[in-house]
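Morning, everyone. I have one structure for you today. Take a look at it first, and then I'll walk through the helices and a few residues.

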Amino acid sequence: MVKIPDLNTLKNKGSFFLAVSALAGTMVGVGVFGIPFSFAKSGFLVGAGFLVVIGLVTMLLDLMYGEVILRTQKLHQITGYTEVYLGGAFKKVIFFSLALTFYSALLIYTILAGEFLSNIFSSVTYIHPTAYSLIFFFPMSFLVLAGIKRVSWLELVLAALFSLVIFAILVVGWPKIDFANFSGVQPEFWFLPYGILLFAFAGFSAVQIQRELLGNKEEMLKKAIISTVVFVGILYFVFAFTVMGISGEITTPDAISGLYEFLGGTIVFLGSLFGILAVSTSFLMLGSAFMETFNLDYGIPRKYAWLLTMAPPFILFLGGLRGFIDIMGLAGSVAIGLEGIILILVYTKAKSKGNRIPEYSLELPKAIYYFLMLVFLAGIVYSVFVG
């Protein structure tokens with residue numbers, strides 16, 4: 001006899017998948033398109049090694065942040081938790097790093113959205129990518145103003161769709177994959193995947209939104225975080241494997257255009273479709289999280305918080321700032337590395353000073369915290385002075 005799940009079970013599963021899609025929608029954005037290029041430059045095995053390590057580090061940081069959230073009664077974003085546990089000086093530092101990350105990401109999403117939309121509709125009519133970028137920016141920015149809970153089901157649908165697109169690219173491209181493309185290492189580019197992958201996996205700002213979507217089922221937060229990072233890591237590996245396997249050393253920074261001579265217009269269309277879905281989900285989640293930072297942690301009214309979130313990337317776009325690989329690598333290594341150091345410090349303080357009993361608690365040796373902070377610091381120094 002088939003057991004029919006009750007309504008509460010269905011609601012729990014629904015909120016869980018919404019929570020997973022919220023974090024996945026924040027992670028899977030423009031960063032994914034830089035991964036194949038970084039793998040091609042450094043060597044596939046080097047890149048894959050970085051992917052596993054950065055994925056595990058990201059999972060640990062997200063779990064730490066989730067525990068900080070569950071240990072604190074009052075609702076904040078990361079800047080607010082930093083002020084509560086470390087003080088105002090650290091709040092300014094974390095806000096600087098967040099602003100660098102968020103504004104860079106929103107700008108790059110806008111730039112690439114124009115390219116993707118141009119590829120998608122090029123067979124119908126030609127409109128300059130800059131115009132498409134503006135067409136993308138305005139409705140997406142107003143969806144951010146509408147509030148993430150109003151578009152959370154859209155997040156779930158888009159997360160499923162871009163996963164299907166990646167699978168389609170793998171199926172279409174499989175006969176063209178040359179396994180010889182995976183051999184070889186270029187030592188001079190060994191560090192390139194580090195910043196790109198940190199940027200690509202970044203998304204812990206959405207953990208707070210995950211908790212909100214779970215409602216009174218906070219005990220599911222740990223599982224939602226782990227499931228999301230594993231899912232995203234698999235997507236990244238499949239995408240990098242497929243693109244690099246096909247285009248090899250001529251893999252382009254945007255990953256998609258270099259596939260044209262091997263697979264033709266169909267793959268460019270599919271890749272561009274994936275691209276617009278990915279940047280759309282990330283734009284919504286990241287924009288909403290940053291707006292909440294202004295609104296919740298600085299007490300700025302919602303409409304003004306929205307304006308502070310959207311105006312800078314719009315102005316930078318109009319000012320002609322267009323590159324993304326270098327910006328992505330620097331933002332990943334420096335900004336996200338700095339955020340990681342501060343988050344670990346916040347976590348250690350919340351362990352002893354939190355005012356709420358959390359639904360889960362990590363029990364890790366302190367040596368791991370120190371090691372992670374040392375790695376992040378080394379990454380910042382290397383990127384600024386060597387890379």
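**Helix ends and what lies between**

Start with Gly248. This glycine follows α10, and its phi is positive, near 55°. A word on naming: helices are DSSP runs of H or I with at least four residues, strands are runs of E with at least two, and both are numbered from the N terminus.

Now the ground rules. This is a predicted model, so local features need pLDDT of at least 70 and side-chain atom pairs count only at pLDDT 80 or more, while totals for chains, interfaces and linings use all residues. Residues are numbered from 1 along each chain as its sequence is written, and side-chain values use heavy atoms, with hydrogens and water left out.

Back to α10. That helix covers residues 221-247. With 27 residues, α10 reaches 39 Å from first C-alpha to last, close to the 39 Å expected at 1.5 Å a residue. The expected span is 1.5 Å times one less than the number of residues.

Thr228 sits in α10. Is Thr228 buried or exposed? Thr228 is buried, at a relative accessible area of 0%. Buried means under 20% relative accessible area, exposed means over 50%, and partly exposed is in between, with a 1.4 Å probe and protein chains only. Which residues does Thr228 touch? Setting aside residues up to four places away in sequence, they are Val20, Leu23, Ala24, Met27 and Gln210. Contact here means heavy atoms within 4.5 Å.

Next, α12, residues 265-297. It has 33 residues and reaches 47 Å, first C-alpha to last, close to the 48 Å expected at 1.5 Å a residue. Of those 33 residues, 27 are buried, so α12 is largely enclosed by the rest of the structure. Just after α12 comes Gly299, with a positive phi of about 70°.

Thr293 is in α12. Its relative accessible area is 1%, so Thr293 is buried. Neighbours within four places aside, Thr293 contacts Gln77, Thr79, Phe95 and Tyr298. Thr293 and Asp62 are 231 residues apart in sequence, and their C-alpha atoms are 17 Å apart.

On to Pro313, in helix α13, residues 302-318. Pro313 counts as buried, at 2% relative accessibility. Leaving out neighbours within four places in sequence, Pro313 is in contact with Tyr103, Leu106 and Leu107. Take Leu107: Pro313 and Leu107 are 206 residues apart along the chain, with their C-alpha atoms separated by 4.9 Å.

Now a partly exposed residue. Val171 lies in helix α7, residues 152-173. Val171 has a relative accessible area of 48%, so it is partly exposed. Val171 and Ala40 are 131 residues apart in sequence and 21 Å apart in space, C-alpha to C-alpha.

**The whole protein**

How many helices and strands in total? The count is 15 helices and zero strands. The radius of gyration is 20 Å, close to the 21 Å that the globule rule gives for 387 residues, so the protein is as compact as a globular protein of that length. That radius is taken over C-alpha atoms, and the rule is 2.2 Å times the number of residues to the power 0.38. Along its principal axes, the C-alpha trace spans about 60 × 60 × 45 Å.

Buried residues make up 57% of the 387. Among contacts with a separation of 6 or more, 84% join residues 24 or more positions apart.

That's the tour. Questions, please.
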